[in-house]
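Subject: Structure handover

Hello,

Here is the structure I promised to pass on. Please open it first, then read my notes below.

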Amino acid sequence: MSLLSRRHIMMAATGLAAAVVAPRLVFAQAAAPAPAGPFKLPALGYPFAALEPHIDAKTMELHHGRHHQSFITNLNNLAKDNPKIAEMSVPDVLGKLNDLPDAVRTAVRNNLGGHANHTMFWQVMGPNGGKPSGEVLAAIDRDLGGMEKFQTDFNAAGGRVFGSGWVFVTVAKDGKLAIESRPNQDNPMMDGKRALLGNDVWEHAYYLNYQNRRPDYLKAWWNTVNWTKVGERYAAAKAGKLDV
Ligand code: MN3
């Protein structure tokens with residue numbers, strides 16, 4: 001066989017191999033994105049590594065891209081037969097879970113609660129946190145006994161969550177703050193309140209870096225809090241305009 005014809009056969013074989021492989025690649029690429037739907041994963045707003053060393057990049061990548069994305073995917077599937085969960089505001093759906101059909105109530109509670117909790121979580125963190133000031137600092141002094149007591153009490157409440165859940169600072173309709181924990185993906189909107197800020201104490205939020213040392217994670221987390229954003233959330237909550 002001449003060199004030329006041998007090359008020809010090899011090229012043909014390569015082409016054949018590419019033709020066989022190509023559809024699988026197309027399939028893999030098409031399968032990866034979330035199914036289309038009204039719910040979208042909110043952008044993180046900062047790089048995965050921005051909160052290091054307090055929260056490592058891998059934890060952030062998995063937490064945002066896998067855990068939060070799974071709530072979005074589930075919500076888009078739920079919305080196919082229950083479009084109202086996307087048409088109504090998040091506080092309206094979570095505040096009236098009893099209005100939902102029995103068959104989907106728990107799934108909406110978990111997945112829309114999870115979506116709301118994580119959307120808030122990404123917002124209240126950031127690389128340039130600053131310090132609390134203005135009205136939110138005054139409210140912390142008034143309702144939570146000042147910053148030092150507030151952080152001590154919040155960490156203690158987060159440590160007491162048994163299993164999976166969240167520790168929040170809630171805002172009532174009159175602007176009053178309180179430290180409250182919730183199990184699973186429950187959110188203060190389910191009780192007509194709003195989360196000013198909150199920390200995720202599910203193990204996936206800290207296990208890669210802190211393993212069983214949840215108290216260390218709770219302490220370090222304060223270094224990630226974006227107080228500018230928390231101040232904005234407090235103003236929005238008082239104005240009745242905090243939707244997530
Ligand atoms: Mn989480």
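Of the 244 residues in the protein chain, 41% count as buried. Keep in mind that this is a predicted model. The accessible surface of the chain comes to about 13100 Å². Carbon and sulfur atoms hold 57% of that surface.

Next, the fold. The chain has ten helices and three strands. Along the sequence, the order is α-α-α-α-α-α-α-β-β-β-α-α-α. I also looked at contacts between residues with a separation of 6 or more. Of these, 69% join residues 24 or more positions apart.

Now the metal site. Which residues coordinate the manganese ion? There are H63, H118 and H204, each through NE2, and D200 through OD. The distances run from 2.0 to 2.2 Å. Along the chain, the donors follow the spacing H-x54-H-x81-D-x3-H.

Are D200 and H204 buried or partly exposed? D200 counts as buried, because its relative accessibility is 0% and the cut-off for buried is under 20%. H204 has a relative accessible area of 22%, so H204 falls in the partly exposed class.

Then the aromatic rings. A pair of rings is described by the distance of the centres and the angle of the planes. The search of the whole structure gave ten aromatic pairs. One of them is Y206 with Y217. Their ring centres are 5.0 Å apart and their planes meet at 25°. The pair therefore counts as stacked, since planes under 30 degrees apart go in that class.

Where do these two tyrosines, Y206 and Y217, sit? Y206 lies in the loop between strand 3 (194-200) and helix 8 (207-210). Y217 belongs to helix 9, residues 214-221. The pair therefore ties together parts that are eleven residues apart in sequence. Both Y206 and Y217 are buried.

W221 and W222 make another pair. Here the centres are 5.2 Å apart and the planes stand at 65°. That angle is over 60 degrees, so the pair is edge-to-face. W221 is buried, and W222 is buried too.

One last item on aromatics. F121, W122, W166 and F168 form one cluster.

If you want a place to start, look at the manganese ion with H63, H118, D200 and H204. Then move on to the Y206 and Y217 pair.

Best wishes

Technical notes
Residues numbered from 1 in each chain as written. Predicted model: local features only at pLDDT ≥ 70, side-chain atom pairs only at ≥ 80, totals over all residues. Heavy atoms only, no water. Donors = N, O, S within 2.8 Å, 3.2 Å for Na, K, Ca; no water. Buried < 20%, exposed > 50% of the residue type's maximum accessible area, 1.4 Å probe, protein only. Phe/Tyr/Trp six-rings, centres within 6.5 Å; stacked < 30°, edge-to-face > 60°. Helix = DSSP H or I, 4+ residues; strand = E, 2+ residues; numbered from the N terminus. Contact = heavy atoms within 4.5 Å. Areas by Shrake-Rupley, 256 points an atom, 1.4 Å probe, with all protein chains shown as cover.
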